[in-house]
Amino acid sequence: MFKKINNALNPSLRHPLDEQNKRTNKVALMIFLAIVYVFAILLDNVLPANGITLMLIPVLRKGAIYALLCVSMNLLNGFTGLFSLGQAGFMLIGGYVYAILTIPQASHAAVYQYFDGGIFQFSVTEVFGNVLGPFLGNVIGAIICIIIAGLVVAVFAALIGIPVLRLKSDYLAIATLGFAEIIRAIFQWNGIGGITNGSNLLRKYTNLDNLVWNVGSLNINFGTTFAFLIVTLCIVAIILMINSSYGRAFKAIRDDEISAEAMGINLFKHKMLSFVISSFFAGVGGALLAMFQTTIQAAAFTSAMTYEILLIVVIGGIGSVSGSCIAAFLYIACNEWWLRFLDSGYLGSIPVGFFRGGFRKVIFSIIIMVIVLFFSRGIMGDKELSFTGLLNKIKQFKNRKALKQAAEKEGE
Amino acid sequence: MSDFIQANLPYILAGISVGGQYALIAIGYTMVYGILRLINFAHGDVFMAAGLIMIFATASLPMYISIPLVIIATVLLGVVIERVAYKPLRSAPRMSVMISAIGVSYLIQNCALYFTGGLPRTYPAIPWLSDSITILGATTKRVTAITPILTIILVLALVLFIKKTKVGLAMRAVSRDFQTSRLMGVKIDTVISMTFIIGCLLAAIGSLLYFTNYQSVTPTAGAMPGLKAFVAAVFGGIGSIPGAVIGAFLIGIVENIIKGIGWTTFSDAFTFVLLIVILMVKPTGIFGEKNTDKV
């Protein structure tokens with residue numbers, strides 16, 4: 001009896017074909033991820049370092065990190081309908097917590113040179129490294145510190161959320177933006193310089209290139225793989241969340257707050273949940289970004305960074321996880337690699353006067369404005385990319401072509 | 001108390017002056033929000049653009065042509081932004097319009113980055129305004145004394161304009177009820193353009209005063225004053241012009257006193273603390289009207 005009701009309520013169980021499609025998609029996704037991981041290991045270790053691979057490594061790493069940041073922002077803005085602009089502040093906390101916990105003891109004097117070597121005199125990665133060896137110590141220590149970073153951010157978000165989440169749309173946006181600015185100011189304050197190093201940057205902590213496994217004479221670099229692994233795990237967790245009953249409640253709140261409340265959804269509780277989870281992953285993303293950059297400074301986490309991530313989410317489609325991922329990789333690839341020539345002053349070998357520093361960003365912002373104004377659904381709208389969906393598209397396209405040809409023949 | 005004032009006089013004077021400049025920007029925010037219910041994130045960048053236009057204009061033109069040129073160009077910029085980026089989204093959800101505003105802000109900042117090459121540019125000295133004067137023993141530029149006076153004159157003129165003229169009446173009607181005033185024959189587009197014209201005119205004047213004081217224009221120079229002016233508008237009750245002016249003066253003065261005490265790092269944070277406190281305690285601001293949601 002209950003099973004029957006469940007079947008009626010759960011649309012995915014109604015059609016056996018849908019179930020089969022779902023399974024095909026899962027398998028396709030796993031094959032795709034496996035290829036990506038193999039490629040990531042090859043890229044870091046085997047492939048010769050030439051112009052392309054040297055660009056591809058940072059693009060893939062940063063792209064993956066931005067994908068996580070965008071998906072976490074999308075969870076809040078796209079799936080719950082809370083227009084929050086606090087992303088940069090949460091990333092800042094995440095990055096700093098990670099960096100502070102992993103600076104090796106020997107480097108403290110050099111890093112905290114203006115603050116007598118800082119207050120904390122230990123490094124989580126070193127503690128593990130002493131027991132498990134440097135590679136495992138770095139990997140496990142880094143994972144633990146990333147989780148701690150996420151948790152600290154989540155606690156902060158819960159505290160901020162209590163007052164802020166009672167506000168409506170644009171007031172919420174401006175209040176979260178305000179909190180991000182306050183966080184940035186506090187982290188630059190010399191009064192807590194023993195922890196945050198004041199307005200100076202933090203460096204020498206465990207970064208992605210430290211994740212090297214020495215087996216005999218072999219050095220296997222896991223930098224890109226590690227970034228991908230954490231990002232994949234986090235995005236999968238977010239997708240599971242979105243597809244759960246909590247996720248459906250989030251969407252209900254997004255579509256209509258008043259009806260959602262009338263249906264018995266506790267607005268504040270669900271908003272808080274979405275806010276805290278999104279912030280947790282923003283913190284994880286911030287920690288990964290710190291690992292990628294090898295140095296971190298609070299001054300860089302301005303509201304412009306939040307805007308950048310928001311605009312990537314818009315390009316990908318508000319309310320689409322796969323859209324955010326595609327847009328993040330595209331954006332980073334264009335920004336760091338494909339459109340670099342716009343800044344170089346040359347088109348091929350021809351000098352072009354107006355191709356100088358910053359032109360790339362201008363072109364970018366124009367593209368973004370065109371997307372915002374004319375293609376406001378972005379790349380994916382609120383749909384998800386799936387293998388069977390792609391197959392169907394191709395089939396439809398072929399059918400249409402065949403029909404067209406048939407029609408043309410008839411016309412003759 | 002008098003000792004405190006004597007010791008901090010330069011900061012208080014600077015605060016009053018910068019408060020007046022924030023007020024001129026805040027009016028643009030509060031009027032646009034009153035009518036379109038849109039936080040015009042690009043307004044701070046329009047203010048910065050006015051500074052850059054002035055630098056490029058004075059490079060080849062005399063001062064008496066540059067200043068009117070700057071004001072006209074800024075107003076045009078504002079109207080073009082409204083027509084291109086906000087008008088097509090009039091029936092779209094509020095979030096889309098806000099994203100569009102953020103996009104415009106990003107575009108203006110990047111254009112500024114391109115045209116300046118990322119280097120801070122020095123603002124030209126405007127003859128009479130940049131002269132040094134002494135007030136109660138504190139040496140400062142003449143602009144410090146002029147700003148509050150000019151701000152109050154402009155605000156009074158604006159209030160008169162809104163209270164007495166037909167366009168002002170239309171503005172008040174639109175801010176009260178968008179749909180009904182449209183049904184009553186108010187030309188919405190003209191009213192909105194007029195709002196942007198006034199907002200940008202005041203932002204241009206504000207930028208002349210602000211950058212005469214601070215002298216360096218960077219692509220992000222508009223972001224912070226813009227946000228602070230917005231907070232001033234929220235503090236005063238968004239949509240209320242006197243509220244925005246009072247909020248702006250308060251923020252300007254307190255911020256500079258904080259700098260005077262030596263807590264410079266927190267002078268920006270104070271603004272946002274104020275914002276959050278006011279949103280918690282009285283979300284409608286000190287002069288705002290209560291808005292209730294209807295199903």
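Colleague: Is A:Asn197 buried or exposed?

Modeller: The general idea is a cut-off on relative accessible area: buried means under 20%, exposed means over 50%, and partly exposed lies in between, with a 1.4 Å probe and protein chains only. A:Asn197 has 0% relative accessibility and therefore counts as buried. Please note that this is a predicted model, in which local features need pLDDT of at least 70, side-chain atom pairs count only at pLDDT 80 or more, and totals for chains, interfaces and linings use all residues. Residues are numbered from 1 along each chain as its sequence is written, chains are lettered from A and ligands numbered from 1 in the order in which they are written, and side-chain values use heavy atoms, with hydrogens and water left out.

Colleague: Where is A:Asn197 found in chain A?

Modeller: Helices (H or I, at least four residues) and strands (E, at least two) are DSSP runs, numbered from the N terminus. A:Asn197 belongs to the loop between α10 (193–196) and β1 (202–203) of chain A. Its phi is near 65°, a positive value in a residue other than glycine.

Colleague: What is phi of A:Lys204 near, and where does that residue lie?

Modeller: A:Lys204 has a phi near 70°, again a positive value in a residue other than glycine. The loop between β1 and β2 (212–215) of chain A holds A:Lys204. With a relative accessible area of 41%, A:Lys204 is partly exposed.

Colleague: Which residues is A:Ile230 in contact with, leaving aside its neighbours within four places in sequence?

Modeller: Contact means heavy atoms within 4.5 Å. On that basis, A:Ile230 is in contact with A:Ile143, A:Ile146, A:Val284 and A:Leu288. A:Ile230 has its place in helix α11 (residues 223–243) of chain A, and at a relative accessible area of 9% it is buried.

Colleague: How many helices and strands does chain A have, and what is its radius of gyration?

Modeller: Chain A has 19 helices and six strands. The radius of gyration is taken over C-alpha atoms, and the globule rule is 2.2 Å times the number of residues to the power 0.38. For the 412 residues of chain A, a compact globule would have a value near 22 Å; chain A has 24 Å, which agrees. Its C-alpha trace spans about 85 × 60 × 50 Å along the principal axes, and buried residues make up 50% of the chain.

Colleague: How many helices and strands does chain B have?

Modeller: Chain B has 11 helices and four strands. Its radius of gyration is 19 Å, close to the 19 Å that the globule rule gives for 295 residues, so chain B is as compact as a globular protein of that length. The C-alpha atoms of chain B fill a box of roughly 60 × 50 × 35 Å along the principal axes. Of its residues, 54% count as buried.

Colleague: What is the area buried between chain B and chain A?

Modeller: Buried area is the accessible area (1.4 Å probe) that two parts lose on being put together, summed over both. Between chain B and chain A this area is about 3,800 Å², of which carbon and sulfur atoms give 80%. B:Ile99, B:Tyr106 and B:Tyr114 supply 20% of the area that chain B buries against chain A, more than any other three residues. The contact takes 41 residues from chain B and 45 residues from chain A.
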